[in-house]
Amino acid sequence: MKELKLMKGNEAIAEAAIRAGADAYFGYPITPQSEVLEYLMAERPHERTGMIVLQAESEIAAINMVYGGAACGRKVMTSSSSPGISLKQEGLSYIAGSELPCLVVNVVRGGPGLGTIQPAQSDYFQAVKGGGHGDYRLIVLAPASVQEMADFVDLGFELAFRYRNPAMILTDGALGQMMEKVWLKEPKPRMTEYPEWATTGKTPDRERNIITSLELDSGRQEKFNLKLQAKYREMEEKEVRYETIECEDAEYLLVAYGTSARICQKSVQVARENGIKVGLLRPMTLFPFPKKILREMAPKLKGILSVEMSTGQMVEDVMLAVNGLVEVEHYGRMGGIIPAPDEIVSVLEEKFIKQNYYG
Amino acid sequence: MAENLKTENIISTRNLVYKKSSILTDNVMHYCPGCGHGTAHRLIAEVIEEMDIQAETIGITPVGCAVLMYNYLDIDMQEAAHGRAPALATAVKRLMPDKYVFTYQGDGDLAAIGTAETIHACNRGEDFTIFFINNGIYGMTGGQMAPTTIPNMKSSTSPYGRDVEMMGNPLKITELVAQLPGTYYVTRQAVHTAGAVRRAKKAIRKAFENQSLKKGLSLVEIVSNCNSGWKMEPVEANRWMEENMFQYYPPGDIKVDGKILST
Ligand SMILES: Cc1ncc(C[n+]2csc(CCOP(=O)(O)OP(=O)(O)O)c2C)c(N)n1
């Protein structure tokens, strides 16, 4: 049954996983996302749907449990926060290299190192450029509300299975911890039939299934790399998701995702009250990145400000997308600090408008 | 009488004493001549065939010489990252509790990089089987020191012999995991003589059969040679193994039916 609840983002992810018909979750505690595992353990999903939940000995073990489960064609997932996600990179590379579907949630905190437990968006590069070794990409979804935290679980699994590729929900400690209303979907039953490539035991009617990322022949490895690239191009073609707010007459554009996008939405309002025509582009998929729409909008704009809780990572993708057609600047706060709406407006004025008055 | 001695009468099913297991594929094994991996593969294949569990078995290969084991066994297999096979197997067995699940790992894979996964899978009492090939060396990467390299043994990264003062002691991980409440059967075997092969096969069968009891993890260590890595002829390698490796890693059962055997 569809249900309206007040929940933390992390809890919404956990509940959505049960309702998405997930077969297993493997995780290791780390702030600010431990509620995912805690909620799942408290809910006894094994009794509700038969879903398996296991606290692993490390993030490395957890991602490799995900690998084993995914290789059986099951809907499996893990969640962690930045330091733990770093530990998962080898496993993610194997999962991508073996073309397996799975869902990974990164509730980002500030770094580098142990950093801070406060929210940040400083794992953007790691998430969208591959993260581990070898040429591969994750499908990266960026929720901006507790509702989207829940919705993207189902979407993440769907895309992961469609492309046989790991998907990641890239969110942050603010969205993980904040409470909002959330409509929870009608529960889906768990799968009863598994993809034909799954290692479920070799029956006489088929060849044995082998899940591996090893290819000792250079020619065949290169062919496989090209096959992966074709898959990523198809994602860029078909799976780009974004939201535009007040962009029709915009002279300036803010580009922001997740928590930053929520703040920027307010900045748009403040700026417009001050007579500046500002719009917001909010990528909902970070890979594939909404390059096309940015390129289309670029000639009509006087400037783009990429707003991120990092020293400037997504800004590089914005620049690549517009390829010099319009000036692109970055504004970021670090260390767990979330920028304020009027702070962003003053930066926009500072970087583009004042300069135009005097220059 | 003369009639009976014709070739076609001798080559008959009635007189068959040995045949290649139907679980072994026709692919030519890449192992060095004299290496124990091939024999261990064969025994696992024979047990799967005899128990008639091909459709119920999922194997996890390591990173190490046995990485390509999936080319030789006609069963569904997954290839793990170095050391992580017990994590994969944990998920596979929990998601499909009625299947037979095994990992096959070298000493570097199981007792160095994968120590945490090994110990925790054993301690949780996961109902799968670990086959642990201990050749005291990193075979695949060209003969470097392993966690199980015995004192004074030479390798490419202990060229003057393992100096335990400097490089630390060999790890008897099999004795270690036998202490954990989650292990049900822990045994050390070898495959270098006909007798050893027979005993090893019995152990492999018992380890598989234990899975249906759901009483915990079974680990079968197979002390094996690595004549290439040890820089010895195969026969010499086996002799050296008996005289040196067996001192440190004595073959025999360590824990049976959940009880540690007193030595
Ligand atoms: C993360 C990682 N580190 C190192 C390696 C390189 N490597 C491949 S196999 C191996 C050791 C294999 O030795 P062992 O597990 O004893 O198996 P054997 O080859 O002797 O059968 C190493 C270090 C790797 N593939 N991945």
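1. For the ligand shell discussed here, Ala, Val, Leu, Ile, Met, Phe, Trp, Tyr, Cys and Pro count as nonpolar, Asp, Glu, Lys and Arg as charged, and the others, Gly among them, as polar. On that basis, the shell around the ligand divides into six nonpolar, eight polar and three charged residues. The model under comment is a predicted one, and the points below should be read with that in mind.

2. The ligand is placed between chains A and B. There are 17 residues around the ligand, and those that come nearest are B:Cys65, B:Asp107, B:Gly108, B:Asp109 and B:Gly139.

3. B:Asp107 brings a polar side-chain atom to 2.8 Å from an oxygen atom of the ligand, while for B:His37 a polar side-chain atom lies 3.0 Å from a ligand oxygen atom. In the case of B:Gly108 it is a polar backbone atom that is involved, with an oxygen atom of the ligand 2.9 Å away. The protein buries 76% of the 590 Å² that the ligand exposes when taken alone.

4. Helix 4 of chain B provides the largest share, namely four residues.

5. The contact between the two chains involves 34 residues from chain A and 36 residues from chain B. About 2700 Å² is buried between chain B and chain A, and carbon and sulfur atoms account for 61% of this area. On the side of chain B, the trio B:Tyr70, B:Asp76 and B:Leu95 supplies 24% of the area that this chain buries against chain A, which is more than any other three residues supply.

6. Turning to chain A, helix 2 covers residues 34-43, and its buried residues are A:Ser34, A:Glu35, A:Val36, A:Leu37, A:Tyr39 and A:Leu40. Just after helix 2, A:Arg44 adopts a positive phi of about 45°, a backbone setting that a colleague may wish to view in the model.

7. A:Thr259 belongs to helix 11 of chain A, which spans residues 258-273. A:Thr259 counts as buried because its relative accessible area is 4%, where the cut-off for buried is under 20%. When its neighbours within four places in sequence are left aside, A:Thr259 is in contact with A:Gln121, A:Asp172, A:Ala174, A:Leu175, A:Met309 and A:Ile338.

Key
Residues numbered from 1 in each chain as written. Chains lettered and ligands numbered in written order. Predicted model: local features only at pLDDT ≥ 70, side-chain atom pairs only at ≥ 80, totals over all residues. Heavy atoms only, no water. Buried < 20%, exposed > 50% of the residue type's maximum accessible area, 1.4 Å probe, protein only. Helix = DSSP H or I, 4+ residues; strand = E, 2+ residues; numbered from the N terminus. Near = heavy atom within 4 Å. Polar contact = N/O pair within 3.5 Å; in protein donor to acceptor, adjacent residues only side chain to side chain. Areas by Shrake-Rupley, 256 points an atom, 1.4 Å probe, with all protein chains shown as cover. Contact = heavy atoms within 4.5 Å. Buried area = accessible area lost by both parts, 1.4 Å probe.
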